[in-house]
Structures are given as C-alpha cells and as structure tokens.
Amino acid sequence: MRATARVYWRLLAAGFRRQSAYRLAALGGLVANLTFGLLKVAILFATVRAAGGELHGYDTASMSTYVWLSQGLLGSVNLNGRTDLALRVKDGQVAVDFLRPVDLQAATLATEAGMSLFALIPRGLPSVLLGALVVGMRLPSNPVFYLLGTVSLLLGIVISAATVYLVAVAGFWLVETRGLQILYMLASGFLGGLYVPLALFPGWLRAVAAATPFPSIMMDPIDVLSGLGGEAHAAGLVLAQLAWLAGVAAAGQALTRAGRRRLEVQGG
Amino acid sequence: MNSAVGSGAIIETDGLTREFRVRDGRRKRLLTAVDGLTVRVEPGEAVGYIGANGAGKSTTIKMLTGILVPTAGRVLTCGLRPVPDRRRLARQVGVVFGQRSQLWWDLPVRESLRILAAIHMLSRAEENDRTAELVEQLELGEFLSVPVRQLSLGQRMRAEIAAALLHSPRLVILDEPTIGLDVLSKQRLREFLIGERRRHGTTLLLTTHDMGDVERLCDRILVIDHGRLAYDGDLPGLSRTVGAQRVLVVDLAEPVPDLTGLDGATHLSSQAGGLRQRLAFDAEKTTAAKVLAAVSGQAEVLDLTVEEPDIEDVVRRIYAASR
Amino acid sequence: MAETAGRLERLRPYRAVLASRARSQRAYRANFAVDLVSSLLVGVVELAEVWVLFTNVTALGGMRFNQILLVFGLADLAFSLADLSFGHLDNLPDFLRAGTLDVFYLRPQPVLAQLITSDISLRRLARAAVGAAAMGAGLTTSGVTWSPHAAVLLVLGLVSGYATFAGMFVLAAGLQFFLLDGAEMTNAFVYGGRYAATQPASVWTRPLKLVFGFFFPMAFTAYLPAVAILGLPGPQWLPAWLGWCAPAAALWSWATGLLCWRWGLRHYQGGGG
C-alpha cells in the first residue's frame, strides 16, 4: 500500500516539476502579453478620446475589452505562420504521416486545437483577468453572447489552424515556404485586427480584410464575445466563420490530396 | 604552499572541488560533482581521464578551461588561473567537445579554419603552415570546401580536431573524441594524435568510454568516480587492480533469470528480460570455454561474443576493490 | 600609426566572423531577396498600424500624422539597426540549452564581444529603410525649422537611440541566464520597447511613463528628440529639453545591460546555468 502511494506521489511530483518549466514559460509570455496590452490601451484610449470619447461604437471601456480579449487570444491562435507540419513537409518526414491510418489534415487540426485550448489556461484567461483588473473593461450582460462567444472562439482557433495548415502544405510545391510564412504572419496580425480593431480601418481596407479568413480568426470572436452590434450581428459573424472554416478546410483537403499525389509520383 | 606554482606542470590541481545546488522536488540538494581532486600533469604526458557518465569528467574540464568556477581548491592550467586568465589561457589550450561543434555549420571547413586563424591572431605564415600540416595529417583535403553540415561524423570530428589544434596549443583536451566513429576512423584519429604528440610535444588529456583509446594513446590513466580520484597510474597497473577481466556476452534461446551462481564468473547485466546476459570472468583463473559450458548447463546458447571490459565495468571494479 | 595598426589587428577576429556571415547571407540570392522583402513588409505593416489610427483622428497625444512619422521613423531606424547588429543575442537561450556557449570560452576574446559579432542580419536593412523613409517624410512635411540645433538633435537622437536599443538586447541576454524557459519575458521590454518607442509618450499613463520613459528609456530614443526638434512642449514628466539627454539614456541602458550581463555570466560560471 505504502509503496503504491509513494509511486503515485512520485509521479505527481514529477508531473508538477515538468509543469513548472511550462509555468515559467507561461509567466514570461504573460508578462510580455500584459506589457503590449498596456501600450495598446494607451494609444487606443488616446485615439478614442481624440475622437470625442466614442469611435465607431467603441468607448474606452469597450476598447479595453477589445485589447484584453485580443491579448488573451494571442497565445491560442496562430499569428506567426510557423508549424511543425511545415518542417515535416520540408524534410520529407510527412511521407511517414501519410502512412498512418488517419487524415493528415484532421489529425493536425485536432492537435493544434488541443494545444490552443490548453494555452487559454496559463495565457489567455490570466491576460483577460489581469487586464480587466488593472484597466477595467465592459462585458455583456446577456448570456447569449457568452454562448455564441464560446462557439466563435472555438471556430476562430480551428480556422487559424486550418489556414496556417495551407501555408504548411504549400511546401509540397515550394522549396522554401518562409516567405509565405512571413506573409501569413503580417497579414493575419494586421487584417485579423491584432493591433487596431477593424472597425477603425478605412472602408476599402476593411473590404480587403473581409476578403480573407483572418478577421474570423481574431476580430470576429472578440466582437461576438464583447457583444458589440447586437445578437443578430453576433449570430451573423458566427455563420460567416462557419463558411470560412468550410472554405479553408476544403482547400486544405484538396491541397493535401494533390500534394500526396505529387509526393507519390516523385517518390518523396 | 606556492612552491609548486609555476613549476612547469601543465595541469595542477589541489583539492579541486565543485558543488552544484540541484533541485530535488521542492528541496534543494548539494551535489558534489568533483571532490577534492589533486592531480599534476607534466608537459608531454598523454593522460586518459576515465569514469562513468556523471562521474565529474566534464565538470573537471570546465574548471580547467575557465568555464566553471571551482567551489574550493586550486587549479592552474598551463601555469595560469583559468577563470581570471581565461583569454590568455585560450591561446594555449585546444578543446574538442564531442557534442559541441566549434565549426560554423553552414560554412566550408576551409572558411571555418580561416576564421579561427583570425580569432587566434595567427600570422599569415603561421596560418598557412599549420593549416597545410593539419590538412595533410588529418586528410582534410577531400572535403575542405564542403559545408560542415554535409560532412560525415568521421569527417566532422577530423575537422573539429583541426579547429581545436590550429593555434598549436600546448595542451589538448579531447572530450569523447572517438564516440560514434567506425573502426577505421578511430584508428586514423589515434594515429594522428600520436603523431601530433611526437612532433610537437603536445600534452593530451582525453576522456573516453573506449578502452582502445586508452590503450593506444595514453601512458597514464586517471579514473574518477563520484567526483573522487579512484586510480592514478599506468594501464598495466590498472589491469592488475581490476584483475584481468574479460566479459562473455551470451544470447540465449529463451529468457532466463540472471545467471548469478556460475563457477568462476560474475553476472554483470541482463538485457531483453534475460535473453542477453553479460558475464565477467577472470582470464587467469578460468577460460571462456569453461564459462560457456557452465552457461549451457542452464540455458541454450544461440550466440556469443567475448569483449574487453568497458569503462563502466572497470570503474565498478575499482570501486568495489577500494571498499 | 603603429597604434592604429595595433587596434585594427585587435579587431581582426571580429571582422573575420562578420565578413563571413555577411557573405554567406548574400550567397543565396533568392533567399536573401525573400528576406529583404519580408523585412520591408514588416516595416510597412508597422507603419500602417499607426496610419490607420490617423484615418480616424487628426492628432494623437498632441502630434499630427507627419509629426508622428518623425517619431516612428527615428524609433524604427534606430531599432532596426540595433536589431541588425545585436538581435541575434536573442539566440542565447538556444546556446544555453545546447551548451554551445562553452565554445566561446575557448577563444581569446571577451564572451559578449564574440556573441555580438557572431552574426549580422543584413535583411534588417530593408526595415531600416522604411524607418529612414518615414523619418525623412516626417522631417520634410512637418515644417521643421532647420538649425544646427535641430541637426545635432537628430544625429544625437539616432545614435543614442541605436545604442539604447542595443543595450536592451544586452540586458535581455544577461537576464536569459536566469530566466531559462521564461525567456519570452524579455520581449516585454525589447520588442514591447520598440512598440513603445514608436508611440507619442504623451498618451502614456504614469506607470508607463515611469517604466518606458525612464527605467527602459524608450521615450529617449525617438519621442523626446522629435519633440525637441519639432519645438513642441513635452507632456508632464517628460519635458522637451530631455531630448538633449538621449545620450544619458543610452549610457543608462548600457550600464544596466552590462551589469546584468556580468551577473548572468557569473551565474553561469557558478554552475547555476
């Protein structure tokens, strides 16, 4: 009995120790996240105030909500374009992945989404909580927004994984996907609304953004969660996200098949 | 106290000790990696520094080269204090870390050597002469213009040694130089080191798990165990201390319990649940054939090899003998 | 003469590594072109993020867009050049994990000097060009009255800004010896610092002024020199004349950086790393 208890205690302690390495990493990320958040708050609050206290539906309280939700999402959506899969495609190890009896795209998205969800605990929630505590923010009172918001958040995470998947599988045709990866990083951050909410963009640039899946990764979940624009608007955003997910997932599936054929013809 | 200082030894340590604070769960524990090491190596010696993994070899090398500060004791390398005189010492010592490359991964070997020549401020003539010598002796010519990342392990190790020896150091420290190399590459490398020592009177200190390195290269052996010096002497002396140990490895048809009760042989280890067992025997008292016969009485033997004792076994024996 | 030759000779190790790094980057032309374009786009997008705000308002923190261009340009030019020559210090955690820092100990130069000159990222020149263009546009369109004073301020601001950012990279590297897995924390003042430097410091709250105005002296890299050049009054706690003190900020940045680096190296040699 005592020996068994000791084994479990050891396992527990080992798990705790292993986790503490991640805790340090999470703490580091959190400090950086908060600092950027405070700087975003400073410049965006100044913008709202310069516009007379209200700008495209944002006051300082809802701007704060935008800032801290976006900072919180940062650790869970992929805005840098880097993936393990891209490396595996480049060095040819993906051929081994194709031998497994699972769909490459589905398996990759599931793994990425799992990691993203986990990142909400040490990175996402503390960012939002600390931001709310230090700066204050407004949250909707209607529970519908939380329900729709959760769905929208999950969709954002999966769309992010599915879009960055496209960058990775482009490696079947391109020798070097680094340029594409950086392009993804810049476009997803800027057009996804990481630094400035899309509502503040001039009309033509908003139209450009709307033609890409990037707003549905970050901006839409934030809009739904913060309840800006009402219930119908929020539901519309979620539907649009579903459409984008179907689109990028289908593109990924098609590219995977074509890439696999190419690999089989060329022999790796 | 200071009488020994500057008396011409290449390595001189006195009670050299290094402790580490390691985290063990929530408690902090003090680990003594090197424990009161007192050693003196004269110019031109070739010393094998052997011990099990974690015995304190790397920690010693790091203290000798000024990477780590000793917790206690004194150390002089080439007559210099390694930490405060690190930069002067770097001109007189060459180190080959088996696992840590000193070469530039994406550059051709030739360019790495050129940069290192600049780093060590060699004159054009010194650089050309020494590079030519090393290229010839280590047979680098065939891959001088190949980027390091494309080299085979054997080629890379030769290039690493050239990089560490380019500035003609008085003391060369080699950390596992032959690990992972094939028999031919090992042989070439050992011959080069013997020649280098003969030509330049270079002092060699090498850590290794390969008894062949020790037999071919070293005229003195230091065995370190749990941070303490367990043996200091020559190879025949080590063999006498340890006994003329040989090891019989048997592959059995079926897994059997550890073969512990055999006459004239001691069980060292088992693998694959007892399918492969290693048995040590004293070559002066019994023969491999007799041990094999004893094993056959207990299990069916499919295959066998006789090997020289490895470092781990030697250290274990010394440890057992000193109790 | 002999003294100059001696000094040049002493720089030979560093020159050899840097020349080789620069050569190898340009050797793969296609890759280098992609890197240059990417780096240029990074600068452009960062500028666009500022510009978007000004499509909604005419002034932020008391500055019009063409005045902000000067702040942004100064900050990004100085940061890009510091990133070009010091940015690879960010790789220190990899060296620590792999144990390859030890290799630097085996060479007869100071470890920090070797690390700094171990690489150079020429691609950052493209981003520096965006900064330079923004700075030029800011200077020409915001009606700066040219005087020796303004010229001295500009040069002083740029050189000090470069040194300040470089000091931040050294400070971050020194902290890596202790942070280990928490390496990302230094992003707060290195890359967060760059972001802060491009902002008009007048929009900051008091704690931010304390942190990025003085402790990590980001306001001194661009905002304060710009305010002094433009003849604007500075906000509370950050008067315009502080623009002349940019070199002091650079000294402070290097003092904290070198102190931290020494601590870090000691910690490493003490075996804590």
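1. Conventions. The model is predicted, so local features need pLDDT of at least 70 and side-chain atom pairs count only at pLDDT 80 or more, while totals for chains, interfaces and linings use all residues. Residues are numbered from 1 along each chain as its sequence is written, chains are lettered from A and ligands numbered from 1 in the order in which they are written, and side-chain values use heavy atoms, with hydrogens and water left out.

2. Chain A against chain C. Here 38 residues of chain A are in contact with 34 residues of chain C, where contact means heavy atoms within 4.5 Å. The two chains bury about 3,000 Å² between them, 76% of it on carbon and sulfur atoms. Buried area is the accessible area (1.4 Å probe) that two parts lose on being put together, summed over both.

3. One salt bridge joins A:R178 to C:D35 at 2.8 Å, N to O.

4. Which parts of chain A face chain C? The helices α1 (2-50), α7 (178-191) and α8 (203-210) of chain A each supply at least two residues of that side. α1(A) gives the most, with 19 residues. Helices (H or I, at least four residues) and strands (E, at least two) are DSSP runs, numbered from the N terminus. By class, the side of chain A that touches chain C has 28 nonpolar, six polar and four charged residues. In this scheme Ala, Val, Leu, Ile, Met, Phe, Trp, Tyr, Cys and Pro count as nonpolar, Asp, Glu, Lys and Arg as charged, and the others, Gly among them, as polar.

5. Salt bridges within chain B. Over all chains the count comes to 40 salt bridges. In chain B, the side chains of B:R220 and B:E45 meet in one, at 3.1 Å from N to O. This pair links distant parts of the chain, 175 residues apart: B:R220 is in strand β8 (residues 220-225), and B:E45 is in the loop between β2 (27-41) and β3 (46-50). Both B:R220 and B:E45 are buried; buried means under 20% relative accessible area, exposed over 50%, and partly exposed in between (1.4 Å probe, protein chains only). A second salt bridge is that of B:R276 with B:D251, with the closest N and O atoms 2.8 Å apart. B:R276 lies in strand β12 (residues 276-282) and B:D251 in strand β10 (residues 245-252), so the pair ties together parts that are 25 residues apart in sequence. B:R276 is partly exposed, at 35% relative accessibility.

6. A network around A:R178. Salt bridges that share partners join A:K90, A:E176, A:R178 and C:D35 into one network. In the A:E176 to A:R178 salt bridge, the closest N and O atoms are 3.9 Å apart. A:E176 is partly exposed, with a relative accessible area of 31%, and A:R178 is partly exposed at 27%.

7. Helix α7(A). This helix has 14 residues and reaches 19 Å from its first C-alpha to its last, close to the 20 Å expected at 1.5 Å a residue. The expected span is 1.5 Å times one less than the number of residues. Its buried residues include A:Q181, A:I182, A:Y184 and A:L186. What covers the buried residues of α7(A) includes α6 (143-169) and α8 of chain A, together with α3 (29-54) of chain C. Just after α7(A), A:G193 takes a positive phi of about 85 degrees.

8. Chain C against chain B. This contact takes 28 residues from chain C and 32 residues from chain B. The two chains bury about 2,600 Å² between them, 55% of it on carbon and sulfur atoms. Four salt bridges cross this interface, among them C:R21 with B:D106 at 2.9 Å between the closest N and O atoms.

9. Chain B as a whole. Chain B has ten helices and 13 strands. Of its 323 residues, 52% count as buried.
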